Amino acid sequence: METREPKGWGRDALTIVREIRGSPEEVFRRLTDPEEIMKWWGARGGLTRAHVNLRPGGEYRFEFEGAGGETRWVKGQYQVVEPSRRIVKTWFSSRHPYLRNSVEFRLEPAADGTQLTLVHSGLAGRPEVFQEYEKSWTDVLGSLASKT
């Protein structure tokens, strides 16, 4: 009898590539400046606070209002900050507080702006979390692309 792992079971990293209007400098600012984050991510609804200490070892925290009025959060530390090129940060979520992840944004010039590559890793063995983040990041990056 053959057994199959659920879809996404062995996949550690989710990768999404989007083209965003604006220079790499502009897109980097939209990803790291709290006021800019609130404009595009907060505009989706739910994001109520963005705190950013943009330096290696600096912490960030994003707070969201859940459907029942509870506060949810995402937080972590910046590991790599290369202005206009790359951001790597740890990722802890109130939905999965014991699951340590890493999120990387890579920015490269493209014909009509910036090619943004998101890599969210640390998801192996958690297909339900992989699928949740796949949907969430697709929505979030869609909002970033539409607000530029």
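Helix 3 (127–146) gives the most to the lining of the largest pocket, with six residues, where helices (H or I, at least four residues) and strands (E, at least two) are DSSP runs numbered from the N terminus. The model is predicted, so local features need pLDDT of at least 70 and side-chain atom pairs count only at pLDDT 80 or more, while totals for chains, interfaces and linings use all residues. Residues are numbered from 1 along each chain as its sequence is written, and side-chain values use heavy atoms, with hydrogens and water left out.

**Pocket and cavity**

On a 1 Å grid over the protein atoms alone, a pocket is an open set of points with protein on both sides within 12 Å along at least five of seven lines, a cavity is a set of points where a 1.4 Å probe fits but cannot get out, and lining residues have an atom within 4 Å of a point. Grid points are joined across faces, edges and corners, and a volume is the space filled by probe spheres set on the points.

The largest pocket holds about 400 Å³ of space. It is lined by 20 residues, of which Trp 41, Phe 64, Arg 72, Arg 95 and Ser 136 are the closest to its centre. Strand 3 (59–65), strand 4, strand 5 and helix 3 are the elements that give two or more residues to this lining.

By the rule above, there is one cavity of 30 Å³ or more. Among the residues that line the largest cavity are Trp 40, Trp 41, Lys 89 and Trp 137.

In the table, Ala, Val, Leu, Ile, Met, Phe, Trp, Tyr, Cys and Pro count as nonpolar, Asp, Glu, Lys and Arg as charged, and the others, Gly among them, as polar.

| Space | Volume | Lining by class |
|---|---|---|
| Largest pocket | about 400 Å³ | nine nonpolar, five polar, six charged residues |
| Largest cavity | about 50 Å³ | seven nonpolar, no polar, one charged residues |

Strand 5 (residues 86–93) is largely enclosed by the rest of the structure, because six of its eight residues are buried, that is, under 20% relative accessible area with a 1.4 Å probe and protein chains only. Two strands pair if DSSP finds at least two bridges between them. Strand 5 pairs with strand 4 (residues 71–82) in the antiparallel sense over six bridges, and seven bridges join strand 5 to strand 6 (residues 96–110), also running antiparallel.

Val 88 in strand 5 is the bridge partner of Val 80, and in strand 6 the bridge partner of Val 88 is Glu 104. Strand 4 and strand 5 form a hairpin with three residues between them, and Ser 84 in that turn has a positive phi of about 70°, whereas the hairpin of strand 5 and strand 6 has two residues between the strands.

Notes: Buried means under 20% relative accessible area, exposed over 50%, partly exposed in between (1.4 Å probe, protein chains only).
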